[in-house]
Amino acid sequence: MPLFGKREEEPEPEVAGDPPGWTRREALINVDPVRLPGDLVLPADAEAVVVFAHGSGSSRRSPRNLQVAERLHADKLGTLLFDLLTEPEAEDRARVFDIDLLARRLEGAVRWVWRWPGVGHLPVALFGASTGAAAALVTASRVREVAAVVSRGGRPGLAGETLERVTAPTLLIVGEQDPEVLELNRVAQARIHGETKLEVVPGATHLFEEEGALERVADLAAGWFVTHLTGEKGGRLSLSDVI
């Protein structure tokens, strides 16, 4: 199971015309001492925002995360995909597996979303893949206003002792044919004190490349977020709470 490698070359995303009222913006996330590029999409009447944390060797242009994001847009969920590391940092193995660093960057992105005009009152959730899932769980343990977490093929054990402090509803999605990661997620599920569910996608391997596997991931994530981010369960805040 590959955990680290040179950042993969990812295709430029196809940009289609959005319906009226949508916001699609490229942005720079200021997380001192660096500024990280990101892509923010807000459907009309967005009810929440999901911030993505990609895995090692990937970036904000991960085709798998982009596919999940497009599925979330259909349920009026905004998304922010951003690079957790600069290009030089992404070539440094120590940085790639520095979960505390990744979590600090992710927390900065969450607070950046809350400052975006018209978004500060919306609940924010996290979607993490591989090492990004560990960063998402650490962030959720530190920022209790994070309303929900979804992990895709995640390495939650890398979050260490902070797992016991995660209270946000957490969905762990793992492929059936990814036995090592499946066992790690079972162990992590027992350590998380908040609401937690483990979903195993039949026939799927680590990257969910099998036919229909990633679509299943996207549907599971959308269902979890809609359940925990809309209505009375949504963790809406005022800007004064987060700035």
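**Stop one: a helix crossing**

Select helices H4 and H5, which cross in a right-handed sense. This is a predicted model. H4 covers residues 99-115 and H5 covers residues 131-142. Their axes come within 8 Å and cross at roughly 65°.

Now show the side chains at the contact. On H4, pick Ile99, Asp100, Leu102, Ala103, Arg104, Leu106 and Glu107. On H5, pick Thr131, Ala134, Ala135, Ala136, Val138, Thr139 and Arg142. Colour them by class: the contact of H4 with H5 has eight nonpolar, two polar and four charged residues.

**Stop two: aromatic pairs**

How many aromatic pairs does a search of the whole structure find? Two.

Start with Phe52 and Phe127. Their ring centres lie 4.9 Å apart. The planes stand at 35°, so this pair is tilted. Zoom out to see what the pair links: distant parts of the chain, 75 residues apart. Phe52 sits in strand S3 (residues 48-53), and Phe127 sits in strand S5 (residues 124-129). Are these two residues, Phe52 and Phe127, buried or exposed? Both are buried.

Next, select Trp112 and Trp116. Here the ring centres are 5.2 Å apart. With the planes at 45°, the Trp112 and Trp116 pair is tilted.

Trp112 has a relative accessible area of 16%; that is under 20%, so Trp112 is buried. Trp116 has 23% and is partly exposed.

Technical notes:
Residues are numbered from 1 along each chain as its sequence is written. This is a predicted model: local features need pLDDT of at least 70, side-chain atom pairs count only at pLDDT 80 or more; totals for chains, interfaces and linings use all residues. Side-chain values use heavy atoms; hydrogens and water are left out. Rings of Phe, Tyr and Trp (its six-membered ring) pair if their centres lie within 6.5 Å; planes under 30 degrees apart count as stacked, over 60 as edge-to-face and the rest as tilted. Helices (H or I, at least four residues) and strands (E, at least two) are DSSP runs, numbered from the N terminus. Buried means under 20% relative accessible area, exposed over 50%, partly exposed in between (1.4 Å probe, protein chains only). Axes are lines fitted to C-alpha atoms, for helices over the stretch in contact, and angles run from 0 to 180 degrees between N-to-C directions. A crossing is left-handed if the near helix is turned anticlockwise from the far one by less than a right angle, and right-handed if clockwise. Contact means heavy atoms within 4.5 Å. Ala, Val, Leu, Ile, Met, Phe, Trp, Tyr, Cys and Pro count as nonpolar, Asp, Glu, Lys and Arg as charged, and the others, Gly among them, as polar.
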